[in-house]
Amino acid sequence: MTLPALRFQHLVVRYGATPVLQDLNLTVQAGECLALVGLNGAGKTSLIKCLLDFIRPDGGSIAILGQPHQQPASRAPLGYLPESFKPPYYLKGGEFIRYCLRLQGLDYDTAAVLDMLAALDLPATALDQTVGQYSKGMTQKLGLAACLLARKRLYVLDEPMSGLDPKAHALLRRQLAALRDQGSTLFLTSHNLADVELLCDRLAILHAGQIRFCGTPQECRSQYGADTLEQAFLGCIA
Ligand SMILES: Nc1ncnc2c1ncn2[C@@H]1O[C@H](COP(=O)(O)OP(=O)(O)OP(=O)(O)O)[C@@H](O)[C@H]1O
């Protein structure tokens, strides 16, 4: 039997006395693309920070491909793009990608890097430009390029479309679909339900500290008697 890529069981997270996640359960199957959806402040980034061991949960457990998430080795197959990606401003784009690849024990393959930049519509000249001079969207594309070049089994992407123009947005969706088709698992957060509909096998709706719904977009519409995913989402959190 294939191990789930991620399993959150009875997860509890509090900031001080304020509960954010309360007995949350969620399984991400290997090879699927699952979007975590929820209102601002629902706790999506907090859940991802727990997964990466940036914050300690107050209860429950997380397994990455069957391994407890607190073991650093469990995170080796995982590529991560944070919600607010801020590379060191003084590095050039190429230096940053080289640095990220070296951290993963990978060589800098010029052809693969140029292909990835083209796939995300980031000009090759950005490799020689200091990151501090990048626009917001260029910075996001650099983070995505460095993350996706690591060729991981599992990607955790916190609002990957953030700041992208419509062309880059469409290109990234295509890139993520290709990764999924090649067998990678994608766990992403998104506020864009059109992306969820086009890209994701399933969505999980996080509300009031728990997963209120988890299933396919079609199941979501049908469960809430809605014509659109947006209506279904609103029905779910009502
Ligand atoms: N370090 C912190 N200390 C105290 N409260 C925090 C901290 N980080 C997040 N929170 C609170 O936890 C809740 C969940 O925040 P989180 O960033 O996880 O939400 P989110 O679903 O990712 O939101 P968004 O869609 O706006 O990015 C919010 O109420 C937020 O104010």
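Guide: First a convention on angles: axes are lines fitted to C-alpha atoms, for helices over the stretch in contact, and angles run from 0 to 180 degrees between N-to-C directions. Also note that this is a predicted model.

Visitor: Fine. Which strands does H1 lie across, and at what angle to S1 does it run?
Guide: H1 lies across S1, S2 and strand S4 (59-64), and its angle to S1 is about 115°.

Visitor: What is the strand order in the open sheet?
Guide: The order is S2-S1-S4-S5, four strands with antiparallel pairing. Strand S2 (18-28) and strand S5 (67-68) are the edge strands, each pairing on one side only.

Visitor: How many bridges join S1 to S2?
Guide: Seven bridges join strand S1 (residues 6-15) to S2, and the two run antiparallel.

Visitor: Now the ligand. Which residues are around the ligand?
Guide: The shell consists of Tyr-15, Val-20, Gly-38, Asn-40, Gly-41, Ala-42, Gly-43, Lys-44, Thr-45, Ser-46 and Glu-83. Helix H1 (residues 44-51) supplies the largest share of that shell, three residues.

Visitor: How many residues of that shell are nonpolar, polar and charged?
Guide: Three are nonpolar, six are polar and two are charged.

Visitor: Changing topic: what are the domains in the domain assignment?
Guide: The assignment gives domain 1 as 1-77 + 154-238 and domain 2 as 87-151.

Visitor: What distance separates the domain centres?
Guide: Taken over C-alpha atoms, the centres of domain 1 and domain 2 are separated by 25 Å.

Visitor: Loops next. Where is Leu-65 found?
Guide: Leu-65 sits in the loop between S4 and S5. Its phi is near 45°, a positive value in a residue other than glycine. Leu-65 is partly exposed, with 19 other C-beta atoms within 10 Å.

Visitor: And Asp-121, where does that lie?
Guide: Asp-121 is in the loop between helix H3 (110-119) and helix H4 (136-148). Although not a glycine, Asp-121 has a positive phi of about 60°. Asp-121 counts as partly exposed, with 17 other C-beta atoms within 10 Å.

Visitor: One last residue. What is Ala-150 in contact with, leaving aside neighbours within four places in sequence?
Guide: Ala-150 is in contact with Gly-79, Gln-104 and Leu-106 on that basis. Its place is in the loop between H4 and strand S7 (154-158). With 16 C-beta neighbours inside 10 Å, Ala-150 is partly exposed. The C-alpha atoms of Ala-150 and Asp-107 are separated by 10.0 Å, and these two residues are 43 residues apart along the chain.

Key. Residues numbered from 1 in each chain as written. Predicted model: local features only at pLDDT ≥ 70, side-chain atom pairs only at ≥ 80, totals over all residues. Near = placed C-beta within 6 Å. Nonpolar A, V, L, I, M, F, W, Y, C, P; charged D, E, K, R; others polar. Domains from an automatic or database assignment. Pairing = 2+ DSSP bridges. Contact = placed C-beta atoms within 7 Å. Buried ≥ 20, exposed ≤ 12 C-beta atoms within 10 Å, placed from the backbone.
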